[in-house]
Amino acid sequence: MTAEAGEFQIIERFFTHEAFGAWKSQGVGDDCAIIDAGAARLAVTCDMMALGTHFLPDADPENVGYKALAVNLSDLAAAGATPRAFFLSIGLPRRDDGWLADFSRGLMGLAAETGCALLGGDTTRTPEVNGRRAPAVISITAMGDLPAGLGLTRAGARPGDDVWVSGTVGDAYAALKCRWGHWSVMPDALPDLCRRMDRPTPRLALGRALLGVASAAADVSDGLLADLGHILERSHVGAEIDWERIPVSTALKSLTMPRQHEAALAGGDDYELVFTAPAAAADRVLEAGLAAATPVTRIGRITERKGSSVVVRAHGLPIAVERTGFDHFSGAPDHA
Ligand code: ADP
Ligand code: MG
């Protein structure tokens with residue numbers, strides 16, 4: 001993703017500022033703000049989701065509750081933090097206790113599983129626009145802690161480092177395409193694919209195990225190339241990755257090659273970790289993967305910076321990728 005892309009241009013232009021205040025942090029632009037708050041080192045992240053944008057309007061509310069927290073925990077995982085607490089702000093078009101009971105079950109189930117306590121929030125009704133209520137919006141702020149002096153950011157990748165990714169990429173996007181009826185896979189492969197989209201696993205154990213090992217990390221929310229691109233921008237480096245090494249599921253392999261490229265390279269919502277580590281630390285990365293019971297795959301290397309994009313090679317030759325990832329505001333401003 002380039003700095004010119006809409007969503008990131010808005011953040012850079014209107015919400016990035018010089019640091020001030022007593023709490024020191026690396027500032028806007030990472031998966032989490034890592035904050036030295038007195039003796040504690042905190043990682044804090046905030047993600048907003050809207051029904052109809054981030055979820056299909058008729059999405060199962062239990063999955064909505066689960067995923068709303070999971071995507072925030074994934075940002076904590078990318079920092080290597082241990083989740084401790086979260087705050088929930090929710091805007092609802094109407095009161096529907098059945099929906100709320102299911103939403104709460106999904107949300108609080110994951111909260112209990114990960115030791116992340118709900119400590120506050122806000123509840124409002126969404127506004128009425130032209131006689132219709134705006135859809136539900138959910139904003140979660142999640143906080144975790146880090147050992148003193150440690151924490152993964154997007155900024156530490158160096159030329160010569162290896163590029164790694166956890167699990168497999170592309171499934172969540174392929175699931176969405178199948179749900180829309182645009183793509184199809186064997187019917188028995190669909191439930192697993194959909195689970196990747198509806199119930200992503202935040203890679204918390206892996207993030208923690210990579211503290212002091214990885215040089216930079218991000219979670220794959222916008223797409224592999226886009227999120228690796230964020231690391232490259234913050235680290236002022238380039239990267240080359242090999243298509244053949246990118247881990248994809250059996251279901252994804254059943255799709256045509258252009259679709260595999262689109263899903264694995266540019267599809268978002270996987271919530272895997274993409275990270276870099278010095279070549280000499282490769283064994284420690286593999287050990288971290290084993291300790292976290294999470295597969296990790298080396299997919300390429302960090303180079304000197306040449307442009308902002310990642311070079312992807314298949315059979316040694318660069319391939320062109322049409323889109324790199326998801327951006328809420330790509331295109332021109334609605335009001336200049
Ligand atoms: P992620 O996908 O990891 O949640 P985003 O792509 O949403 O991260 O955001 C990129 C960076 O910009 C993050 O550091 C985030 O905290 C910051 N950011 C996004 N929106 C705002 C905003 N309105 N004000 C300040 N910082 C923002
Ligand atoms: Mg993130």
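Student: Before we start, when do two strands pair?
Tutor: Two strands pair if DSSP finds at least two bridges between them. Please keep in mind that this is a predicted model.

Student: How many bridges join β14 to β15?
Tutor: There are two bridges joining β14 to β15, and the strands run antiparallel. Because at least two bridges are required, β14 and β15 count as paired. Within this pairing, Ala314 has Leu317 of β15 as its bridge partner.

Student: What is the order of the strands in the open sheet?
Tutor: The open sheet has seven strands, and their order is β10-β12-β9-β13-β11-β14-β15, with mixed pairing. Its edge strands are β10 and β15 (317–318), each of which pairs on one side only.

Student: And how do strands of a sheet pair in general?
Tutor: Strands of a sheet pair through backbone hydrogen bonds, and they may be parallel or antiparallel.

Student: Let us turn to β8. How many bridges does β3 share with β8?
Tutor: Strand β3 (residues 40–50) pairs with β8 over 10 bridges in the antiparallel sense. One residue to look for is Met48, whose bridge partner in β8 is Ser139.

Student: What about β4 and β8, how many bridges there?
Tutor: Nine bridges join β4 to β8, and these strands also run antiparallel. Here Ile90 has Ile138 of β8 as its bridge partner.

Student: Which elements do the buried residues of α3 pack against?
Tutor: They pack against α2, β4 (82–92) and β8 (137–146). The buried residues themselves are Trp99, Phe103, Gly106, Leu107, Leu110 and Ala111. They cover an arc of only 130° around the axis, so they lie on the same side of α3. The face turned away from that buried side carries the exposed residues Ala112 and Glu113.

Student: Why do residues three or four places apart in an α-helix point the same way?
Tutor: An α-helix has 3.6 residues a turn, so residues three or four places apart point the same way.

Student: How far apart are the end C-alpha atoms of α3?
Tutor: They are 25 Å apart. Helix α3 (residues 97–114) has 18 residues, and at 1.5 Å a residue it should span 26 Å, so the two values agree.

Student: Which residues other than glycine have a positive phi here?
Tutor: Examples include Asp269, with a phi of about 75°, and Tyr271, with a phi of about 55°. In general, most residues other than glycine have a negative phi. Asp269 is found in the loop between α9 and β12, and Tyr271 is also placed in the loop between α9 and β12.

Student: Is Tyr271 buried or exposed?
Tutor: Tyr271 has 8% relative accessibility, so it counts as buried. Asp269 is partly exposed, with a relative accessible area of 23%.

Student: Where does Glu272 lie?
Tutor: Glu272 lies in the loop between α9 (257–266) and β12 (273–277). With a relative accessible area of 2%, Glu272 is buried. Beyond its neighbours up to four places away in sequence, Glu272 touches several residues, including Arg196, Arg203 and Asp219.

Student: Are Asp31 and Asp219 buried or exposed?
Tutor: Asp31 and Asp219 are both buried.

Definitions and conventions:
Residues numbered from 1 in each chain as written. Chains lettered and ligands numbered in written order. Predicted model: local features only at pLDDT ≥ 70, side-chain atom pairs only at ≥ 80, totals over all residues. Heavy atoms only, no water. Buried < 20%, exposed > 50% of the residue type's maximum accessible area, 1.4 Å probe, protein only. Helix = DSSP H or I, 4+ residues; strand = E, 2+ residues; numbered from the N terminus. Contact = heavy atoms within 4.5 Å. Expected span 1.5 Å × (residues − 1). Arc of directions from axis to C-beta.
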